[in-house]
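Keep the viewer open and click along as you read.

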Amino acid sequence: MKIDKRADKYAELIIKSGINLQPGQTLVLSSPVDAAPFARVCAQKAYEAGCREVIMRWSDEAISKETYLHADNEIFDTVRPWKADMLNTLAQEGAAFVTIYSQDPEALSGVDPDRIRRSALASGKALETYRELQMTDSVQWCLFSVPNPAWAKKVFPEVDETEAVSKLWDAIYATVRVSEFNDPIEEWRIHNENLRTRKEKLTGYNFKYLKYKNSLGTDLTIELPEGHYWDGGRSHSAKGVPFNANVPTEEIFTAPKRDGTNGIVYAAKPLVINGDIAENFHFVFKDGKIVEIHAQRGQELLESAIATDEGSSYLGEVALVPYDSPISKSGILFYNTLFDENAACHLAFGDSYPCVHGGAQMTKEQRRAVGLNDSIMHEDFMIGTPDLSITGITHDGKEIPVFIDGNFAF
Ligand code: ZN
Ligand code: ZN
């Protein structure tokens, strides 16, 4: 992995703007071992910014796969208390959490999806405190990516591995607004401002329903909860520190009403989920619940994912991304949700962000009562196409075009 001028700027962007690490703050840095050279630069930048301590969490996909294939069957239902305690305690102490997300899209192909589901459920339960503080943006967190060879070859199969990795670096730098000559931190300030203007406008409409249609066959109505707001771009932690949870990000999102989605929705891109790929699939919704899945590839993967817990078969996020967004215009299919979700309108099944006024301060029961979903899962899938139309319907029945031909109507 080469650390050139752009890599250095990228690491600086993550520490100073993405996570916006504060002097004296602890940083929990999660990284695959393959990304160690980049993780080291992040740690160095963190200490330059006055970090109290960088706590590393290393992972390795090859070993994870071995574990899923061969470890004792019982280990997938339990999490060692000290393992959960580490993250729960650090989150309560107000640490910042940076994760380098760099996966082989097919890393876990051939693994029993039920082992993955049980393991996700067990760690979801054990890490409830940590998850809650993250989903409510109470703690600063930031997810970003660097290439790895297997991923790069999946994105650019026509060139050799070295060139594929180099092309993937270029593609990532373009999406995260890093070039040799610009000031990425300033570019992100402007970008976050633009996202803010758009989310305020959408919140102002206070739509009751969104109706989706396109030529793939999508015909879906999503009800939005009373008092919802649209979020996106800059988040603010409980201590008021602004940060970007995802780098890149192009989306404006809110939470749907748990039982208010009906119709059919077609995926517009493949989805990497639980270490493998689902492709050409659609869901049928009835009163909020996914009641049918039809997939050309990944049927079992999707069925297992939505069966994780009670909330995983309901929607938790509605996100708008124009078809002419920069990532979409690159024409690259990234096989990585962090990028692909920012190239297309998407939905997520599973947990909701608390996008109703006062939601972050509500208990789980209160959130459920205002119509928000909860789950240990949160999985985005892409539905935006160049011909997607979305119509907003207000509480007094007015119909307002939100998307025409894949882009914002206003
Ligand atoms: Zn999203
Ligand atoms: Zn999401």
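Let's start with a pocket. The lining of the second largest pocket is made up of 26 residues, and Lys 199, Asp 231, Arg 234, Ser 235 and His 236 are the ones nearest its centre. Its volume comes to about 440 Å³. Two elements give two or more residues to this lining: α9 (184–205) and β7 (235–236). The largest share, seven residues, is from α9. Sorted by class, the lining has nine nonpolar, 10 polar and seven charged residues. Domain 1 (5–175) and domain 2 (199–230 + 247–408) each give the lining of the second largest pocket at least three residues.

Before going on, some housekeeping. This is a predicted model, where local features need pLDDT of at least 70 and side-chain atom pairs count only at pLDDT 80 or more, while totals for chains, interfaces and linings use all residues. Residues are numbered from 1 along each chain as its sequence is written, chains are lettered from A and ligands numbered from 1 in the order in which they are written, and side-chain values use heavy atoms, with hydrogens and water left out.

A few terms from the pocket part, too. A pocket is an open set of points on a 1 Å grid over the protein atoms alone, where a 1.4 Å probe fits, with protein on both sides within 12 Å along at least five of seven lines; lining residues have an atom within 4 Å of a point. The volume is the space filled by probe spheres set on the points, which are joined across faces, edges and corners. Helices (H or I, at least four residues) and strands (E, at least two) are DSSP runs numbered from the N terminus. Domain bounds come from an automatic or database domain assignment. Ala, Val, Leu, Ile, Met, Phe, Trp, Tyr, Cys and Pro count as nonpolar, Asp, Glu, Lys and Arg as charged, and the others, Gly among them, as polar.

Now for the metals. Glu 341 counts as buried because its relative accessibility is 5%, and His 346 is buried at 0%; buried means under 20% relative accessible area, exposed over 50%, and partly exposed in between (1.4 Å probe, protein chains only).

The zinc ion (ligand 2) sits 3.3 Å from the zinc ion (ligand 1), and Glu 317 coordinates both. That glutamate is in strand β14 (residues 315–320), while Asp 380 is in strand β16 (residues 378–382), so the pair links distant parts of the chain, 63 residues apart. Ligand 2 is coordinated by Glu 317 (OE), His 378 (NE2) and two OD atoms of Asp 380, at 2.0 to 2.6 Å. Its donors follow the spacing E-x60-H-x1-D. Glu 317 is buried, with a relative accessible area of 2%, and Asp 380 counts as buried at 6%.

Definitions and conventions: Donors = N, O, S within 2.8 Å, 3.2 Å for Na, K, Ca; no water.
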